[in-house]
Amino acid sequence: MGDYEPVLLRNVGVEGAATIGVYKKRGGYRALAKALKMTPDEVVEEVKAAALRGRGGAGFPAGVKWGFLPKDRDVTYLCVNGDESEPPTFSNRVLMENDPHQLIEGTIISAYATQSSIAYVYLRVEFHELFHILQRAIDEAYAAGYLGKNILGSGYDLECYIHRGAGAYICGEETGLIESIEGKRGWPRNKPPFPAVEGLFHKPTVVNNVETLCNVPHIIERGAGWFTGIGPPGSSGPKLFCVCGPVNRPGCYEGPMTITVRDLIYGDAYGQGMIGDRKVKAVLPGGISMGILTGDELDMKMDFADPAEYGLLGLGTAAAVVVSEDTDIRVVLRSIAQFFAHESCGQCTQCREGTSWMYKIARRIAAGEGGPGDLEVMYETAGNLGMMPGLSICGLSDGAAFPIRTLIEKFRGELEQHVREAPDEIEQRSPSTVRS
Amino acid sequence: MPKIEIDGIEVECRDGITVLQAALEAGWSVPHYCYHPGLSVVASCRLCLMEMQMPSPKGGGMEWSSKLVPSCQVPVKNGLVVRFASDQVKRNQRRVMEFLLLNHPLDCPVCDQAGECLLQDYSYEFGDPTSRMRDEKHKSPKKDIGPRTLLYSDRCVLCTRCVRFTREITGTHDLCVTHRGSENEIDVFPGKALDNPLQGNVVDLCPVGALLDKDFLFKQRVWFLKRTKSICPGCSTGCAVSVDSNEGVVYRLKPRYNPGVNDWWMCDEGRFGWKYMHDANRITAPVIRRGGVTGTPPWDSVPEIVDARLRAVIEAHGPDKVAVVLSPMMACEEAWLLVRFLRSVASEATLVLGPVPIQGQLQMFPVGSTGDAVRFTIRREKCPNRRGVETIIAETGGPTLSFEVFCEQATAGAFAAAWIVGGYPEPWVTKDFAKAVGQLEFVVAQDLFPNEVTEVATLVLPACGFAQREGSFMNFGGRIQPFDRAIAPPDGAKGDGQYLYELAGFTGLYSGRAVREMMAQEIHLFSMVKEAPPMPVHQH
Amino acid sequence: MAWPTIDRQSPVTDSDAPPLLSDEVKAKIRSFFERYETRRAALLPALHVVQESLGYISWRAMDEVATVLDIPASEVFDVVTFYTHYWTKPRGKKTIVVCRSITCELMGAGVLLEAFKRHLGVGEGETTPDGAYSLATEECLAQCDHAPCVLINEKKHGRVKPDDVPALLADPDNDKLEVPRSDLYDPVLGEDATTRPRGGERKG
Ligand SMILES: Cc1cc2nc3c(=O)[nH]c(=O)nc-3n(C[C@H](O)[C@H](O)[C@H](O)COP(=O)(O)O)c2cc1C
Ligand code: SF4
Ligand code: SF4
Ligand code: FES
Ligand code: FES
C-alpha cells in the first residue's frame, strides 16, 4: 500500500495546514465553490452515486440518508458528529486537529446539499485544544465569507456553531447527540421517527460523522467515479484506520478498504509490527464495540462486509487495538465491561442492569475471584442485552454485547483456567515493560 | 376500527391506540412498566416487546422480523400482525425481570406496595424464581422528597412515569432523573420538594413500592382493602375515585379513570380530604329539643315529629312560611326526596340553595397551560353538586329564593319553619344566617358537625360523609355521576338517603339507582347518568 | 430500614448569600441563546461557563443557571449529574484526568494512576490539601495513539511514564496550551487567557 496517495490526510504534517491560507493554497474551498454552482439535489445525487457510507460506525450511505429528508420542510439542521468516544478511535481528532478547514468545507457543502440553516459541530469536551483550533478555523471561514450570509454570493446562508459535550459516550449516538444539543441528558430517542424526519428541535435533521463529511469535498471535486474507484464495491472511497496498543507505530492511517488487520498491524505504511516482536493475542479491530479477533484471524479485511464473517458486528470505527501475547485476557474483559457499564445511559433495563452486572462479574474474575457459572452468566447476559436487534433503544447495548460474547467464545479456554483455579490476580505491568 | 392479529387471533381495536393497549384490552397479559396511557411513550423498560411482521427485505410479502419491537410504541394499523406467544418474547420478559430484580432489596414483607406491586406480580407471572447474581447489590438511599411522599430508591425500576407526570401533567418539574446508567436515580432538587397539588398521583403511578404515601405508610396491607366506586366531593370537577376501606374505616382515596373529567388523576385536596368523616365530633344521633329539654328520639319517630310540627306551623302561619335550604353537598337523589317530601306537606314551601363554598383560584395543569393543553383542573367551587341541586330546584318550580335573600327575609320574619341541610366539612354558618335561623319557630338541621344552627334547631339529624352515602352528583359540566356507599354511617346515625326516603313515604331500603329512575320520570335529565367507564386495561 | 433517609425537603442553597454568578457569567450564558431554538439548549454551554468560572457546579450555581435559562432547577440537576465532566464538588486548581480505557490500560495506565496517587497523596475523585490538584480517571480520551495519556486541565500529555510524574507535577506550565485559546466559553476574566483560575475560587 506504500503507493497510496492520501486524500483525507493530505494536509497532515503540513506546516500551518490548520489555517485558511495554507488550506486554500493546497486547493481548499474549490469544491465549495463548485458545489454552490450545482443545485442542492445535484450535490445529493453526486454523493449518492459515490455510495459514500457513513464512517461513524453504522455505515449507512450518506446520500440516501439525505434523501430521507421530507420534501416540504422549512428548517433543516445538520449535526456534525465529533463526539468520538469509542475506544480506541481517534481518527476524527486527527482530521480536525490537523485540517479543520477540510471538515468545515465538507460541512458547508453537505449543509448546502441538505439545505440546512445551521450546522452544529458536536465536539466531545475532552477535545480542548481541538476546540480552540476548530473554533479559530470557523472564525476564519466566517471572515472569508464561507460561512454566514450569502455564501460566496450564492444566496445560501449557513451558521456554524460548536456545541461542546460534557463527558458521555452515548452522546455520539445520533439521537443522544440531538438531546444533548437540546440541553438534556443524552438519552437516545426511540426510532422511528428518524432524525431526518424529526430530529433536533423536532425539525428534520441530518447527523453525520466528521470523517464522512471530510470525504464530501473530494467527491464533489473529483466526482463520484473517482470515489468508487477506490476500494472494493460496497466499501468505496478513502478510509482512515487507527491502530494502537503495543505496536511500533501507533497512529491514524489512510488507505483503501482492501487492507487486512494484518496489514494494519504489520504494514510499513501502518503499524510497522509489534513492539519487541511480541505475538498478537487478540485485536479489537473496529473500536471495542464490534467484537474481538484472535491472533489467528488477522486476515480479516477492513471493509464493511468481512467483519461479519468473523462473528463481528461490523467495521465500526475501523480503529484497532492490539493485545499482545503477554496480556492477561481478563484485563481486556474487565476494561470493556467497565467502559459500557460506565457509559450506558441507563434508560433501557437490559442495558442499564446488564452492563453493570457484566462489569461486576468481570471485575471479580479479574480479581481472581471468578467462580463456576460466571462465564455462562456473563455470556448469557451479553446475549440478553444486545445480541438480538430491538432489545434496547440504541446500539450501545449491542456494542456491549458483541465484544463480551466474542471474547468469551474465542478465549474461553484461557478464561476457564482463571475461574476454576485458585485466586490469581492480574499482575500490574508498568509501561516501561511494554514500550522500550 | 382497525383489525390486527395478535397470536393468530383477530382483534378489533379502538383507533389511535398502541398495540400494547389493544392487546391488554383484548385480554392479553403483557407486562409493562414505562407505558402509561396518560403519559408520553418512552419505551424504555423494554418489557412489552413483541414480534411483528414486516415487509420482507428480499421483497415479496411479509415475514416475521428478526427484531423485537416495543408494543407500547407501535400504533395499531389495519392488518398488523404481531405475536407475544413466542419463545423470544417470553425469554425477553424473563430476562428483563431478572435484571430488574438484581439490585432490588426483596423486602416485600415490609413494603406497602405488596399486594399491588407489578414487580411481585410480573416476576411471579413472567420471571424466574431465583437470582443468579452473586455480587453485591447496588444500594440506593431512601429519600424524603416531599411533605407527603417518600422515595425508596432501591425499589425503583426507573420507569420514569413519575418524572413524566411532573413534566407533562403538572408542569411543575419537581422530579428528575439524576446520574447515569446503573446509578440513575429519581430525585428532587434539594429544597424544591415534591409538593404540587397533584403530587399524590405519582404514588398511584409508581408500578412498584418506590414512591409511597406517608399518610398510608404501614397503615394497612392492601389486600384487606375494599374498593368502592365513588366521586370526589372536593370540588365541582367531580373526579371519579375509589374509596379504599376496611371494616368501616376509610384508608385512602385513589383516582378512577374518567376520560374528559379527571382522566387518571385526582388532586391532593380531594385525596386527603376525607378525614372529617372519622372525626370524633360528628353528630351521630338525632336530637330533639322540647321546652328546654333535649332528648334522643328513636329514628322511627322522626317522620311523625316532622310531620306534626310542620303541619302545626302551616296551620298557624300559612303554607308559604316554610323553607328548605338545600346543600350543594347533597346527592341529587337526597335533594329530590327532601323537596318532594316538603312540598307534599307544604305545597308553597320555598326552595333555597345553601351557600356554595368558593375558595382560591381555578388551578389548571400543566401550570400555565390554557385551552386544549389543560390536562387537569381544580375548581374553586369546593362542593360536588351545586348544579344538581340547582337543576332540581329549577325543575321543581314554585317559590325559590337565593340564599342571601332568604337570610334577609327570614331575619325580617318572613318564615316560620325551615329544614336546613349542611353537610360541609368546614364550618359554614355565618352570623347573618344564625340570626335568620333565630327567628324561626321550627328548625330541622341536618348536618355533620355541631354549629350555631344545630344548637338552636328543634330537631337535629346527623348527616353523613360522601363515602357513607350513595347517589349522584352533577359536576361543573352537567355530567351526572353516580357514587356508591363505601362504609356504613356511624353507629346511631342513618344514611341521609335512607331517612329522606322514609320521610318521602317510601318503605324498604333506599337505593340511589331506584330513586334516580323515579326522578327521571319527572326530570328527564336524570336518565342520562354517566358512569365512569371501566379503566382501559393497564396496570395502575 | 437499615440506612437513613436523605432529607430532600430542606433547601441546601443559601438564599441570603450574594449571587454566585457574576454579571459577566450571565452575559456569557445569554450570548449562547441566539444559537438555538430554545433557551434550554444553552444549558451545556452555560454549565461549561459556570464551571470555568467557579471550578465546579454547586447546588446554588445550578439554581442560578436555571433562573438564567428559565428552566426548573431539577432539570439542571438532572443534566449536571448525567455528564461526567461536570463537578458538583469543589476541586483543585488543576484537574488531572488519567485515561483508564483499553489502550491506555494495556500501555500501563494502571501503574501510572498509582504513581499519580502516590505523588499527590490522594485517591481518585480527591483533591490535594493545598488545593493544587484533583485527580480523576475517565474513559478513552481519543488520544490512544499516545497511550497512556493524561489531561491536565485542557492540556493533553501522551505516553506518560510513571517516572515522568514528579517532573510533570512540578512543571507550573503543565496545563499551558500550545495553541491560541478561543474565549468562546470563558467568562470574561480579564487575565492571561492561557492560565485561568480553576478550583473553588469565587469570582465576581
Ligand atoms: C453508542 C453509540 C455511540 C456512537 N458514537 C458515535 C461517535 O462518537 N461518533 C460518530 O460519528 N458516530 C457515533 N455513533 C453512530 C451515530 O449514531 C450515527 O450513526 C453516526 O453519527 C451517523 O453518521 P455517519 O452516517 O456519517 O456515520 C454512535 C452510535 C452508538 C450506538
Ligand atoms: S441501549 Fe443502553 S445506552 Fe442505548 S438507550 Fe438503552 S440504556 Fe441507553
Ligand atoms: S419511583 Fe416508581 S414511578 Fe418513579 S421511576 Fe421509579 S418505579 Fe417508576
Ligand atoms: S417498553 Fe413498552 S412498556 Fe416499557
Ligand atoms: S484508551 Fe486512553 S485515550 Fe483511548
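## Basis of the values

This is a predicted model, in which local features need pLDDT of at least 70 and side-chain atom pairs count only at pLDDT 80 or more, while totals for chains, interfaces and linings use all residues. Residues are numbered from 1 along each chain as its sequence is written, chains are lettered from A and ligands numbered from 1 in the order in which they are written, and side-chain values use heavy atoms, with hydrogens and water left out.

## Ligand 1

Ligand 1 has 19 residues around it, and A:Gly56, A:Asn81, A:Asn208, A:Asn209 and A:Thr212 come nearest; a residue is near if one of its heavy atoms lies within 4 Å. The shell consists of four nonpolar, nine polar and six charged residues. In this scheme Ala, Val, Leu, Ile, Met, Phe, Trp, Tyr, Cys and Pro count as nonpolar, Asp, Glu, Lys and Arg as charged, and the others, Gly among them, as polar. Strand 4 (residues 205-209) of chain A gives the largest share of the shell, three residues. Strands (E, at least two residues) and helices (H or I, at least four) are DSSP runs numbered from the N terminus.

Oxygen atoms of ligand 1 lie 3.1 Å from a polar side-chain atom of A:Lys65 and 2.7 Å from one of A:Thr212. The protein buries 89% of the 610 Å² that ligand 1 exposes when taken alone; areas come from the Shrake-Rupley method with a 1.4 Å probe.

## Salt bridges

Side chains of opposite charge can pair when their charged atoms come close. Over all chains the count is 64 salt bridges, each a side-chain nitrogen of Lys or Arg within 4 Å of a carboxyl oxygen of Asp or Glu. One of them joins A:Arg55 and A:Glu211 at 3.9 Å, N to O. The two residues are 156 apart in the chain, A:Arg55 in the loop between helix 3 (40-50) and helix 4 and A:Glu211 in helix 9. A:Arg55 counts as buried because its relative accessible area is 3%, and A:Glu211 is buried at 1%; buried means under 20%, exposed over 50%, and partly exposed in between (1.4 Å probe, protein chains only).

A network of salt bridges links A:Arg185, B:Arg167, C:Arg40, C:Glu75 and C:Asp78.

## Chains B and C

Chain B has 14 helices and 25 strands. Its C-alpha trace spans about 95 × 50 × 45 Å along the principal axes, and 59% of its 540 residues count as buried.

Chain C has seven helices and five strands, running β-α-α-α-α-β-α-α-β-β-β-α from the N terminus on. Of its 204 residues, 62% count as buried.

## Surface patch

A:Phe60, A:Val64 and A:Phe68 make a nonpolar surface patch of about 260 Å². Patch residues have over 30% relative accessible area and no salt bridge, with like charges joined within 9 Å and nonpolar side chains (Val, Leu, Ile, Met, Phe, Trp, Tyr) within 5 Å. A:Phe68 is partly exposed, at 48% relative accessibility.

Notes
Polar contact = N/O pair within 3.5 Å; in protein donor to acceptor, adjacent residues only side chain to side chain.
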